[in-house]
Amino acid sequence: MNSPLFIGILIFLFFLAGIRIIFEYKRALKFRFGKYVSIMRPGFRWIIPFVETIQVVDIRVITINIVSQEVMTEDNVPCSIDGVVFFKVNDPEKAILEVEKFNFAITQLSQAALRDVCGKVELDTILSKREEMGKNIKAIVEKETEVWGIEIIDVKIKDIQLPENMRRMMANQAEAERSRRARIILALAEEQAAGKLLEAGKLIDQSPSAIKLRLYQTLANIATEKNSTILFPFPEEALPRKRKTKKKKNKNKNKKDNTGTIIP
C-alpha cells in the first residue's frame, strides 16, 4: 500500500475518532489528560482522541424515586412512606467535580430527610399535610445540594402504608365520626320540621276550609296505595265546628218618654 494513502487513512480515522455530537438538552465537560478544560455546548464538536475525554450531563428535570422507608412517627406508629424527588442540574461543572454520582447522593439525602421529617410529627399530620412534609424534605435536601450546582424543584410523598390494625382503627373512627354527623343533621332536620309544622298548624287553625282541604289531601294520598279501606262512622258534616257567636240584641230598645227623656 502506498504510504501517503496509508497516512491519509490514518488521519481520516483519527479525525473520525474525535467527532462528538452533543444534544441540546445535554452539556459535556471536556478533560485533557484528566484535567478539566471547559464545558462543551450542544452541536457538532471535536476532541483530540486519546488525549481529551468528555463526560456528558443531562440538564433536564430528573425524577428519582424515594424507596419505601420504615418510619416511626412521634406518636409511636410504624408506617412505610415513599416519595419522589424532582431536580435539575444548573451547574454541570459542580455536579461532576464536587460530588460522585449525584443521582445516588440525592437519593440517599432524600431518604434520610424523609425519615427525619416524618419521625418528628404525628401520623395525623403526615396524612393531612403531605404537601407541607414535602416542602420540609425539599428544604433539607436543597440545602445540601446547593453547593453541587443542583436545584431541587419539588419533593412529593406518594404513598403511606399503615399496619392492618391501624387501618381498622382509623376506619372505625371515620365511621363513628360520620355517624355522629348524621345524627346531628337528623336532629337539626327534626327541629326545623317541628318549627315549620307548628307554623302550619297555627295557619290551618285559622280557617276551617283549610282543615277540610288538608283532610281531603290526606285521604287522596292514602287512596293512591289502593291497599287500605277508609271508614267514616258518621258524615263529615256532623263533626263539631266552631260557630260564630252573635251578639244578642237588646230587646229593650231605648225609648223616649213624653218629656223627651231617654228611658234605658
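**Talking through the model**

Modeller: Of the 264 residues in the protein, 24% are buried, where buried means under 20% relative accessible area, exposed over 50% and partly exposed in between (1.4 Å probe, protein chains only). This is a predicted model, so local features need pLDDT of at least 70 and side-chain atom pairs count only at pLDDT 80 or more, while totals for chains, interfaces and linings use all residues. Residues are numbered from 1 along each chain as its sequence is written, and side-chain values use heavy atoms, with hydrogens and water left out.

Colleague: OK. How many helices and strands does the protein come to?

Modeller: Seven helices and 10 strands. Both are DSSP runs numbered from the N terminus: helices are H or I with at least four residues, strands are E with at least two.

Colleague: And what share of the contacts is between residues 24 or more positions apart?

Modeller: 61% of the contacts with a separation of 6 or more. Contact means heavy atoms within 4.5 Å.

Colleague: Switching to rings. How many aromatic pairs are there?

Modeller: Five. Rings of Phe, Tyr and Trp (its six-membered ring) pair if their centres lie within 6.5 Å; planes under 30 degrees apart count as stacked, over 60 as edge-to-face and the rest as tilted.

Colleague: Which residues form a cluster with Phe-14?

Modeller: Phe-15 and Trp-46, in one aromatic cluster with Phe-14.

Colleague: What about Phe-87 and Phe-102, how are those rings arranged?

Modeller: Edge-to-face, at 6.3 Å centre to centre with 85° between the planes. Phe-87 lies in strand S7 (residues 78–89) and Phe-102 in helix H3 (residues 102–118), so the pair ties together parts that are 15 residues apart in sequence. Phe-87 is buried at 0% relative accessibility, and Phe-102 is buried too, at 12%.

Colleague: Which residue lies over the face of Tyr-25?

Modeller: Arg-60, at 3.8 Å from the ring centre. The cut-off for a charge over a ring is NZ of Lys or CZ of Arg within 6 Å of the ring centre and within 35 degrees of the ring normal.

Colleague: Now packing. How do H3 and H5 cross?

Modeller: The axes of H3 and helix H5 (residues 130–145) come within 9 Å and cross at roughly 135°. Axes here are lines fitted to C-alpha atoms, for helices over the stretch in contact, with angles from 0 to 180 degrees between N-to-C directions. H3 and H5 are therefore oblique to each other: under 35 degrees counts as roughly parallel, over 145 as roughly antiparallel, 65 to 115 as roughly perpendicular and the rest as oblique.

Colleague: Which residues make the contact?

Modeller: Among them are Ile-106, Leu-109 and Ala-113 of H3, and Met-133, Ile-137 and Val-141 of H5.

Colleague: Back to strands. Is Ala-28 buried or exposed?

Modeller: Buried, with a relative accessible area of 0%. Ala-28 is in strand S2 (residues 26–32). Not counting residues up to four places away in sequence, Ala-28 touches Ile-22, Ser-38, Ile-39, Met-40, Ile-54, Gln-55 and Val-56.

Colleague: And what does Gln-69 touch?

Modeller: Cys-79, Ser-80, Ile-81, Gln-111, Leu-114 and Arg-115, again leaving out residues up to four places away in sequence. Gln-69 lies in strand S6 and is buried, with a relative accessible area of 8%.
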